[in-house]
Amino acid sequence: MSDDIQNKPLIAVVGSLNMDLVVKTDIIPEEGETVSGEELHYLAGGKGANQAVAAARMGGQTTMIGAVGSDGFGERLLHSLTESGADASQVRILDDTVTGTASIWLSKGDNRIIVIPGANGQVLPAMLEEADTVKSLTAAAAVLLQLEIPLPAVTRAAQLAAEGSALVVLNPAPAVPGLPQELLRCVDVVTPNRSELAVLTGRDELRPEDVDAAVAELAASLGAAVVTTLGPEGAVYAAAPGGRVQAGRAGACRAPGYAVSAVDTTGAGDCFNGALAVALARGETLDAAVGFAMGAAALSVTKLGAQSGMPFASEVQAFLA
Ligand code: ATP
């Protein structure tokens, strides 16, 4: 077990960094109205940064690639990465834009969110061609991607990763219909949740009883492994014959979730992805990697905050022992 912790595979994460401004209020203001709210929280977020924190805490030697503005929010996001042991030196600090923010109004179970992409919207392919970034992508054991930065940059990152020997793990969130073939052909593992799986398989909606068939269908059509997370119910996964990532048996496999007392499920999917990438980069089978990722994600929902609630590898190993 401790040998696993010593084995620190190189992981590169290309994606978003956001400051989440969480406003708790009893009353949502009408047009022209001003109200007093109850609480304001500044929480480090963005799928890219969340997954980088998870990968670093899971024992991956992790580099985050992305962009923030030259403002206080950017500084706090960089600090959150380095505090978890991730390398933030390839997060570009841009002068002409703001750090990405998500303004989240929470009121009586309802939430309204306005995202300002800011610097995330300026992560373009040219930024990935810089020598240090090309090196990180081509030398990595796994490259982890999501869809919160412009699609051409996601595609270029996948291509550079595929030029090396990295496993390319794509978390297709938020859902984008019609992903380009240039991206999909570079991908080794895709990790949609149920609604993203529906979009990827061209369905308006996906009934729970159809998930296994859709996972197997997508794996076969991409020639890649597919892992669909189902919240507390766990995950369904399938590997394609001939793909780089293989499972113990053919067809869709179900891994039931761990029963825990959930406090905050924000970022559970990000924790799952970070842990999955590290386990696969260490050479574990898809079955073992999914089990490890589910243990990590289950622990993450028992704590508050996306990044602050991510567990460490030793905690996951103790939980699963
Ligand atoms: P998000 O976007 O909120 O991070 P997601 O839809 O990408 O979520 P989920 O399917 O909700 O991801 O969760 C990912 C994994 O986290 C699940 O496969 C499961 O292993 C774990 N998980 C989530 N919620 C719970 C829970 N209440 N109890 C136990 N495990 C959970």
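**The ligand and its surroundings**

Author: A polar contact of 3.2 Å links the side chain of Asn193 to that of Ser195. A polar contact is a pair of N or O atoms within 3.5 Å; within protein, one must be able to donate a hydrogen and the other to accept it, and residues adjacent in sequence count only if both atoms are side-chain atoms. The model is predicted, so local features need pLDDT of at least 70 and side-chain atom pairs count only at pLDDT 80 or more, while totals for chains, interfaces and linings use all residues. Residues are numbered from 1 along each chain as its sequence is written, and side-chain values use heavy atoms, with hydrogens and water left out.

Reader: Is Asn193 buried, partly exposed or exposed?

Author: Asn193 is found in the loop between E10 and H8. Buried means under 20% relative accessible area, exposed over 50%, and partly exposed in between (1.4 Å probe, protein chains only). Because its relative accessible area is 28%, Asn193 is partly exposed.

Reader: How far is an oxygen atom of the ligand from a polar side-chain atom of Asn193?

Author: Asn193 is listed among the closest of the 19 residues that surround the ligand, where near means that a heavy atom of the residue lies within 4 Å of the molecule. The distance from a polar side-chain atom of Asn193 to an oxygen atom of the ligand is 3.0 Å.

Reader: What share of the ligand's exposed area does the protein bury?

Author: A backbone N or O atom of Gly231 lies 2.7 Å from an oxygen atom of the ligand, and a polar backbone atom of Gly269 lies 2.8 Å from an oxygen atom of the ligand. Taken alone, the ligand exposes 640 Å², an area from the Shrake-Rupley method with a 1.4 Å probe. Of that area, the protein buries 81%.

Reader: Which helices each supply at least two residues of the shell around the ligand?

Author: Helices are DSSP runs (H or I, at least four residues), as strands are (E, at least two), numbered from the N terminus. Those that each supply at least two residues of the shell are helix H10 (268-281) and helix H11 (286-300).

Reader: Is Met294 buried or exposed?

Author: Met294 is found in helix H11. Contact means heavy atoms within 4.5 Å, and, not counting residues up to four places away in sequence, Met294 touches residues including Gly234, Tyr258 and Phe272. Because its relative accessibility is 8%, Met294 counts as buried.
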